[in-house]
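My notes are in the order I looked things up.

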Amino acid sequence: MKDLPARRLLLVHAHPDDETINNGATMALYAAAGAQVTLVTCTLGEEGEVIPPDLAHLAPDREDRLGPHRIGELAAAMKELGVTDHRFLGGPGRFRDSGMMGLEQNHREGAFWNTDVDDAAPHLVEVIRSVRPQVLVTYDPHGGYGHPDHIQAHRVAMRAAGLSADPGYRPGLGEAHTIAKIYWNRVPRSVAEEGFARLRDAGVDFPGIAAIDDIPGVVDDSDITAEIDGREYAERKAAAMRAHASQIAVDGPFFALSNDLGQPMFVREYYQLVQGDPGAPPGEREHDLFAGVPA
């Protein structure tokens with residue numbers, strides 16, 4: 001077994017930009033602290049809606065070259081966050097963006113949503129057994145907000161975590177490894193409400209303001225088990241979001257997606273522990289995703 005950094009964090013996301021919106025400050029913090037931060041992105045985000053007019057020709061209904069462009073955006077974003085290990089599940093373009101729920105793209109051959117979980121999971125098992133993370137971060141079963149690729153990323157991540165720990169499952173993919181802690185991305189409702197209040201008071205020049213239900217993973221505050229203070233890395237997160245220029249428009253501590261509806265950018269990032277032992281007393285939040293993980 002090769003020498004590995006003492007702390008190893010794996011994040012599984014659906015499209016380029018999801019990682020920065022959800023976990024950019026967390027990723028920058030742990031990368032700066034010397035942890036191994038590995039990002040696995042499941043699609044190239046080929047079906048994304050393009051914001052800048054000068055990139056409109058890349059859209060799927062025109063040249064259909066958005067995916068390769070977003071590979072470059074993701075690389076630029078990871079450079080801003082200090083993350084050097086970022087991969088696409090099964091290799092770039094192995095699984096295609098499925099579009100929003102209910103669209104015909106959901107059923108296209110090769111679409112991530114149209115792929116059997118057990119056909120996709122082995123690609124992630126191989127990564128897990130190589131990187132051997134103690135901590136995995138991914139979406140909840142609803143994918144945060146119901147996007148089919150987010151739901152599928154959750155399913156594949158959870159399935160792969162289980163398969164990776166089974167020494168009888170495809171030993172050719174590497175030595176079995178059990179992930180100590182699994183977290184789902186979350187946002188406490190009180191934090192979302194406060195963020196939108198700040199946005200309204202700031203008078204930022206977006207055509208409209210999003211609703212709390214537009215933010216993935218909003219839950220009651222009591223469901224939050226971990227809070228990562230990434231304020232020191234706010235500028236890095238903002239720079240990484242700006243790198244995803246085809247999808248995100250940033251204005252100070254706020255941003256908008258292609259719907260032009262303003263949202264707050266969160267630099268304290270929140271999680272719910274769903275597997276593994278908590279590293280904080282009952283009723284208290286962890287402030288380190290590795291809390292309680294044996295050295």
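The entries below go from ground rules to strands, then the annotated site, then the ring pairs.

**Ground rules**

I'm working with a predicted model, so I kept its limits in view: local features need pLDDT of at least 70, side-chain atom pairs count only at pLDDT 80 or more, and totals for chains, interfaces and linings use all residues. Residues are numbered from 1 along each chain as its sequence is written, and side-chain values use heavy atoms, with hydrogens and water left out.

**Strand 5**

Buried here is under 20% relative accessible area, exposed is over 50%, and partly exposed is in between, with a 1.4 Å probe and protein chains only. I checked both faces: Lys181, Tyr183, Asn185 and Val187 are buried on one side, and Ile182, Trp184, Arg186 and Pro188 are buried on the other.

Next I asked which strands it pairs with. Two strands pair if DSSP finds at least two bridges between them.

- Strand 4 (residues 135-138) runs parallel to strand 5, with four bridges joining them; valine 137 has tyrosine 183 as its bridge partner. The chain gets from strand 4 to strand 5 through helix 4 (residues 148-164), and this β-α-β crossover is right-handed. That term means that, with the strands pointing away from the viewer, the path from the first strand over the helix to the second runs clockwise.
- Strand 12 (residues 268-275) is antiparallel to strand 5, over five bridges; isoleucine 182 stands opposite glutamine 275.
- Strand 7 (residues 218-219) is parallel to strand 5, over two bridges; proline 188 has valine 219 as its bridge partner.

I also clicked on threonine 138, which lies in strand 4. Threonine 138 counts as buried at 0% relative accessibility. Contact means heavy atoms within 4.5 Å. Leaving out residues up to four places away in sequence, threonine 138 touches Val12, Ala153, His154, Ala157, Met158, Tyr183, Trp184 and Asn185.

Four strands make an open sheet with mixed pairing, in the order 6-11-10-9. Strand 6 (208-209) and strand 9 (249-251) are at the edges with a single partner strand each, so one side of each has no neighbour in the sheet. Strand 9 runs antiparallel to strand 10 (residues 254-256), joined by three bridges, and valine 250 stands opposite phenylalanine 255 there.

**Annotated site**

Which residues does the UniProt "binding site" annotation cover? The unreviewed entry lists His15, Asp18 and His150; its positions are given in the numbering used here, feature names are shortened, and annotations may be inferred rather than shown by experiment. They span 136 residues in sequence, yet no two of their C-alpha atoms are more than 9.4 Å apart, so they gather at one spot. His15, Asp18 and His150 also belong to the lining of the largest pocket. On a 1 Å grid over the protein atoms alone, a pocket is an open set of points with protein on both sides within 12 Å along at least five of seven lines, and lining residues have an atom within 4 Å of a point.

Aspartate 18 sits in helix 1 and is buried at 8% relative accessibility. Beyond four places away in sequence, aspartate 18 touches His13, Tyr139 and His150.

Histidine 150 is in helix 4 and is buried, with a relative accessible area of 2%.

**Aromatic pairs**

I searched the whole structure and got three aromatic pairs. Rings of Phe, Tyr and Trp (its six-membered ring) pair if their centres lie within 6.5 Å; planes under 30 degrees apart are stacked, over 60 edge-to-face, and the rest tilted.

One of them is tyrosine 30 with phenylalanine 290, edge-to-face at 5.3 Å centre to centre and 70° between the planes. Tyrosine 30 is in helix 1 (residues 18-32) and phenylalanine 290 in the segment after strand 12, so the pair ties together parts 260 residues apart in sequence. Tyrosine 30 and phenylalanine 290 are both buried.

Another is phenylalanine 95 with phenylalanine 112: the centres are 5.6 Å apart and the planes at 55°, so this pair is tilted. Phenylalanine 95 and phenylalanine 112 are both buried.

Terms used: 1 Å grid on protein atoms, 1.4 Å probe; cavity = no way out; pocket = protein on both sides within 12 Å on 5 of 7 lines; lining within 4 Å.
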